[in-house]
Each structure stands twice: as structure tokens, then as C-alpha cells.
Amino acid sequence: MRRPLIAGNWKMFKTVREAIGFAEELRNVVKDVAGVEIVVAPPFTALHAVADAVRNSNVGVGAQDLYWEAEGAFTGEVSPGMIKEAGADYAIVGHSERRRLFGETDASVNRKTRAAIAAGLTPIVCVGETLEERERAETLGVLDRQIDAGLEGIPAGQAAGLAVAYEPVWAIGTGRHATPAQAAEAHAHVRARLRQRFGADVAARCRVIYGGSVKPENVRDLLASADVDGALVGGASLDVPSFAAIVMAARPAAL
Ligand code: PEP
């Protein structure tokens, strides 16, 4: 009943020209794909151009981050309204690179998630444990903390549309992905926590997607679990054939 979501996080890659070329090629390659929500998240500089390039296609656009205020003296920040007006419908929030390198906290993730929802953006809220936390058997506790704090104060009525990305930090950009069993356990746990917070109906509608070294070769196994509703893809989303192959593998008929 949940439509799989495949989102490409381009991180700090692609100039505007490169981004437009990618978007035009991708929309052509995936034009007949049905049953999968396809999103690309370019750098802010290319957001508007990519949104233009995929207009009237089955490819959506997301920002990689946002700030929670509508406007003001916040040098370097971009507001939810600006992102929406640029043509995006999604925003990644709390990516582990932002948490680790730029001081993002559960509290800022919460403010950003609420601001995204208020602006009509679909937040893709990232959670996930570090290797040390996994080795100390703290994974499920970390997920609970990040979900509780990150989604605090969001009414159940607004929660059904959001997506949670389970991204074990040790799997991001490392080539080492979670095993399907590890992903299945974490995703079932995230869904159970969403159920506690928002009720069974909302939890059944939220997408919980996996991120961490997803490639065309491993995506099928990772998506096989009932609670894995798609993927947040970094490195393999930078190349049209590999991103398109991941999209194809997520088609309901392909699973
Ligand atoms: C990411 O950036 O969210 C990610 C999962 O990266 P990669 O696929 O490269 O591990």
C-alpha cells in the first residue's frame, strides 16, 4: 500500500549545467516507470533549474537541507518557502553528514522538519547509528531518541506524509551496506516507534526508506523486507544508468 520512494542525494556534486543534463536524461529514461516516487536532491544552486528540467514528468525534486525561519538575517541559509518556490516538494532533514560535520542536532532536525511540513514540503528525516553505537548494541535506542526528538510536536494528522530514512552512519559512502536482516530489524523498529507516536494508521502510511551504499547490485535484497519502502541513494544516484537501475528495481512488479 506504500508507494516506494527512491531519492537521490547528490550532496555537493554537479554544477547547474551538469544537473540539467542529468535531469533531462533521467526523465527520459524513467518516463514509463509507474508505481515508484522518484526524487533527486541537487545542491541549492541547481534546484530551480532541475525543477524546470523535470517539470511535467514523474521525477520530483528535493532540497538537501533547509532552515526553519521564513526569512531574515540568516546568512547562508535557505528557507522552506524559497525551496518550495524554486520547485522542490521534498527536503532531506538531518542527514548524518549535516549532523556530523555541521553541528545538526535532534532539536534542529525537529525545527526543520516542522518548518518543512508547514511549507508543504515532504521531509525525509534521516536517522541512524554510528558504528560505535551499533557495536555497543545501542542502535535501537539511538533510533528511538532521534525519532522522538526529531518528530516531537508533530500532530499525527501531519505525520503520515513524512518519510524517515534509516541510514546507518557506517554504511554511508563506505561501500559497506547493512545486511537485509539488519535493515529489516531497524525498519521494523522505526515503524513500531512511529506506531507508538502516531497510531497504527499513520505508521502504516509513513515511508521508511533505507540509505547507505545502495547500488543496483544490492537494492533488490535490501528492498525485499516489508518495512523497507525505498532508498535514499548517495553515490549511485550521480550517474543516470545506476540511479535508473535502482528505480527500476523498486517497481512493485520487480520486487
Ligand atoms: C546518502 O548520502 O544518504 C547515502 C546513503 O550515500 P551513499 O549511498 O553514497 O552511501
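Glycine 211 of strand S7 stands opposite leucine 232 in strand S8. Strands S7 (residues 207–211) and S8 (residues 230–233) run parallel and are joined by two bridges. Strands here are DSSP runs of E with at least two residues, helices are DSSP runs of H or I with at least four residues, and both are numbered from the N terminus. Two strands are taken to pair if DSSP finds at least two bridges between them. The model is predicted, so local features need pLDDT of at least 70 and side-chain atom pairs count only at pLDDT 80 or more, whereas totals for chains, interfaces and linings use all residues. Residues are numbered from 1 along each chain as its sequence is written, and side-chain values use heavy atoms, with hydrogens and water left out.

**The barrel**

Eight strands close into a barrel in the order S1-S2-S3-S4-S5-S6-S7-S8, with parallel pairing. From one strand to the next, the twist averages 25°. Strands of a sheet pair through backbone hydrogen bonds, either parallel or antiparallel. Strand S6 (163–166) is joined to S7 by four bridges, and the two run parallel; within this pairing, valine 164 has valine 208 of S7 as its bridge partner.

Contact means heavy atoms within 4.5 Å. Axes are lines fitted to C-alpha atoms, for helices over the stretch in contact, and angles run from 0 to 180 degrees between N-to-C directions.

Buried means under 20% relative accessible area, exposed over 50%, and partly exposed in between, with a 1.4 Å probe and protein chains only. Arg207, Ile209 and Gly211 point one way from S7, and Val208 and Tyr210 point the other way.

Helix H9 (residues 180–198) lies across S6 and S7, running at about 150° to S7. Both histidine 187 and arginine 191 belong to this helix. Histidine 187 is buried, with a relative accessible area of 0%. Leaving aside residues up to four places away in sequence, histidine 187 touches Tyr166, Val208, Ile209, Tyr210, Asp227 and Val228. Arginine 191 is buried with a relative accessible area of 2%, and under the same exclusion of residues up to four places away in sequence it touches Arg2, Ala203, Cys206, Val208, Asp227 and Asp229.

**Packing of H1 and H12**

Two packed helices are described by the angle between their axes and the distance between the axes. The axes of helix H1 (residues 16–29) and H12 come within 10 Å and cross at roughly 35°. Phe22, Glu25, Leu26 and Val29 of H1 make the contact with Val240, Phe243, Ala244 and Met248 of H12.

**Aromatic and charged side chains**

The whole structure contains four aromatic pairs. One of them joins tyrosine 67 and phenylalanine 74, a tilted pair at 5.0 Å centre to centre with 45° between the planes. Rings of Phe, Tyr and Trp (its six-membered ring) pair if their centres lie within 6.5 Å; planes under 30 degrees apart count as stacked, over 60 as edge-to-face and the rest as tilted. Tyrosine 67 is buried at 16% relative accessibility, while phenylalanine 74 is partly exposed at 32%. Tyr67, Trp68 and Phe74 form one aromatic cluster.

Charged ends also sit over rings, which requires NZ of Lys or CZ of Arg within 6 Å of the ring centre and within 35 degrees of the ring normal.

| Charged residue | Ring residue | Distance to ring centre |
|---|---|---|
| Lysine 14 | Tryptophan 10 | 5.5 Å |
| Arginine 197 | Phenylalanine 198 | 5.8 Å |

**Residues with positive phi**

Asparagine 56 has a positive phi of about 55° although it is not a glycine. Asparagine 56 lies in the loop between helix H2 (44–53) and S3 and is exposed at 77% relative accessibility. Serine 213, likewise not a glycine, has a positive phi of about 55°. Serine 213 lies in the loop between S7 and helix H11 (219–223) and is buried, with a relative accessible area of 9%.
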